[in-house]
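Please find below my notes on the structure you sent. They are meant to be read with the sequence and the model open.

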Amino acid sequence: MIIKPQPNPLLPVCDFTSHRADKCEMEGDIRIHGSTSQVFVITDQVTSQEEKLTWQVRPYTRKPDKTMLLIREVSVKITRKRRALACQVNHSVPAVIFSTRGYCGNYWHDFNDILVPLFITAHQFNGEVEFLVTQMKNWWFGKYINYFRGMSKYDVIDLDKVDNVHCFPRTIVGLHSHKDFSIDPAKAPNGYSMQDFTKFMRGAYSLERDLAIKMRENPWRKPRLYIIPRKNKRMLTNMNEIIPMAVELGFEVVIEGSIQYTSVKDAAQVINSCDVMMGVHGAGLTNMVFLPPGAVVIQIIPLGKLDGLFHNEFGIPAVDMKLKYIAYNITEEESTLVNLYRRDDPVFTNPKSIHEQGWETLARIYMKEQNVKLDVERFRPILQTAIKHL
């Protein structure tokens, strides 16, 4: 339930009902002592019972996951003015508190767990907001420097190193999160959608294209196809067949191996120049955020009966971004698991039994041991459909 003791409007509004994240929002005289992870709401207009209230928030958006045990708790408390710590640094804009522990460093989790939720939470302030980060990874903020320059006009504050008291007129502890790698406009401030997020990303990374190629208007131009060549698991093993087939169909093919990325911005520039992206399920598909609207995403689904999960992680987000989405389910003959297991093994005949053994076993077999050798003739109609979408 949403906790806001009534009728006192001066107390925090804390929501613990979401299955994705907890959060507290408060306005007024807010004082933060970072090294002890305490946020104080200062008011004398409280009862003795209200003054005893404390809320504990782990400011990360994977609430059901065991990794949440590693997230440092932030305490939200009510304090009367005479007992309050004195302000040492005053701020005139709101603060948002979150953690970068969790799965930060995995490209998809970077977006799903922080970058998209932070956009939902903080974009409404038009840069007039400060970020206070617990368990801060400095290198991570360097990686996404363009994003954070677009989100805030202020330097990020390492909350754990703050020994003095910072005072804010408004504070949000935790981030809003609606669904995997996407946004529900009905729940977002100002009705923000995933289209707003991708528009923001194009601006933050100075991307030129805001519309994919229209083949009828540009019949002389070749659509650009970006192929994600994974390097150690769920690899496409027959690129020497895939590329010529794509070229024959009229594509200009771009692969990661031909470009040396030095930053997210470099990758964004290349991907924004493409009209179709294809790859086996994995974090590389996260780059769809840089595709121009109207582009096509092809997710190659390996064996394992994980279609629903993979659709939630990339299929629904692609549609929410106004991209065309195509899922291609491989056959047993296209999976390298046939070289590791007998055809009568439960890996093929009863994937559900593998699921029942837990995520570690499932991931080891279907996510780590499996590569893909595409049947290029079977896959050809998928690329032809992609061209039709353009």
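1. The model is predicted. Its protein chain is split into domain 1, residues 13-192, and domain 2, residues 215-389. Between the C-alpha centres of domain 1 and domain 2 the distance is 35 Å.

2. Extent of the interface. On the domain 1 side, 12 residues are in contact with 15 residues of domain 2. About 1100 Å² is buried between domain 1 and domain 2, and carbon and sulfur atoms give 66% of that area. Within domain 1, the residues that lose the most area to domain 2 are Tyr107, Trp108 and Phe181, which together make up 53% of what that side buries.

3. Polar links across the interface. Between domain 1 and domain 2 there is 1 salt bridge by the rule used. The side chains of Lys179 and Asp320 form a salt bridge with an N to O distance of 3.0 Å. The interface of domain 1 and domain 2 also has 3 residue pairs in polar contact, with both residues at pLDDT 80 or more. Helix α2, residues 107-122, supplies 3 residues, the largest share of the side of domain 1 that touches domain 2. Sorted by class, that side of domain 1 has 6 nonpolar, 3 polar and 3 charged residues.

4. Helix α7. This helix covers residues 264-272. Which of its residues are buried? They are Val264, Ala267, Ala268, Val270, Ile271 and Asn272. The elements that cover these buried residues of α7 include the helices α2, α3 (138-143) and α5 (194-204). Also among them are the strands β12 (224-227), β13 (252-255) and β14 (276-280).

5. Asp110 and Lys143. The whole structure contains 24 salt bridges. One of them pairs Asp110 with Lys143, whose closest N and O atoms are 3.8 Å apart. Asp110 belongs to helix α2 and Lys143 to helix α3, so this pair ties together parts that lie 33 residues apart in sequence. Is Asp110 buried or exposed? Asp110 has a relative accessible area of 0% and is therefore buried. Lys143, with a relative accessible area of 31%, is partly exposed.

6. Asp158 and Lys161. These two side chains meet in a salt bridge with an N to O distance of 3.9 Å. The cut-off for such a pair is 4 Å. Asp158 is buried, at a relative accessible area of 17%, whereas Lys161 is exposed, at 63%.

7. Arg209 and Asp275. In this salt bridge the closest N and O atoms are 2.6 Å apart. Arg209 sits in the loop between α5 and β12 and Asp275 in the loop between α7 and β14, so the pair links distant parts of the chain, 66 residues apart. Arg209 has a relative accessibility of 17% and counts as buried because the limit is under 20%. Asp275 is also buried, with a relative accessibility of 1%.

8. Thr171. This residue lies in strand β11, which runs over residues 165-173. Its relative accessibility is 0%, and Thr171 counts as buried. What does Thr171 contact beyond its neighbours within four places in sequence? Its contacts are Cys24, Glu25, Met26, Ile30, Ile32, Ala95 and Ile97. Met245, by contrast, is 74 residues from Thr171 in sequence and 55 Å from it in space, C-alpha to C-alpha.

9. Ser335. This residue is in the loop between β16 (324-329) and α9 (346-349). At a relative accessibility of 2%, Ser335 is buried. The side chain of Ser335 is in polar contact with the side chain of Gln370 at 2.9 Å. Leaving out residues up to four places away in sequence, Ser335 touches Leu303, Ile330, Gln370 and Asn371.

Conventions. Residues are numbered from 1 along each chain as its sequence is written. This is a predicted model: local features need pLDDT of at least 70, side-chain atom pairs count only at pLDDT 80 or more; totals for chains, interfaces and linings use all residues. Side-chain values use heavy atoms; hydrogens and water are left out. Domain bounds come from an automatic or database domain assignment. Contact means heavy atoms within 4.5 Å. Buried area is the accessible area (1.4 Å probe) that two parts lose on being put together, summed over both. A polar contact is a pair of N or O atoms within 3.5 Å; within protein, one must be able to donate a hydrogen and the other to accept it, and residues adjacent in sequence count only if both atoms are side-chain atoms. Helices (H or I, at least four residues) and strands (E, at least two) are DSSP runs, numbered from the N terminus. Ala, Val, Leu, Ile, Met, Phe, Trp, Tyr, Cys and Pro count as nonpolar, Asp, Glu, Lys and Arg as charged, and the others, Gly among them, as polar. Buried means under 20% relative accessible area, exposed over 50%, partly exposed in between (1.4 Å probe, protein chains only).
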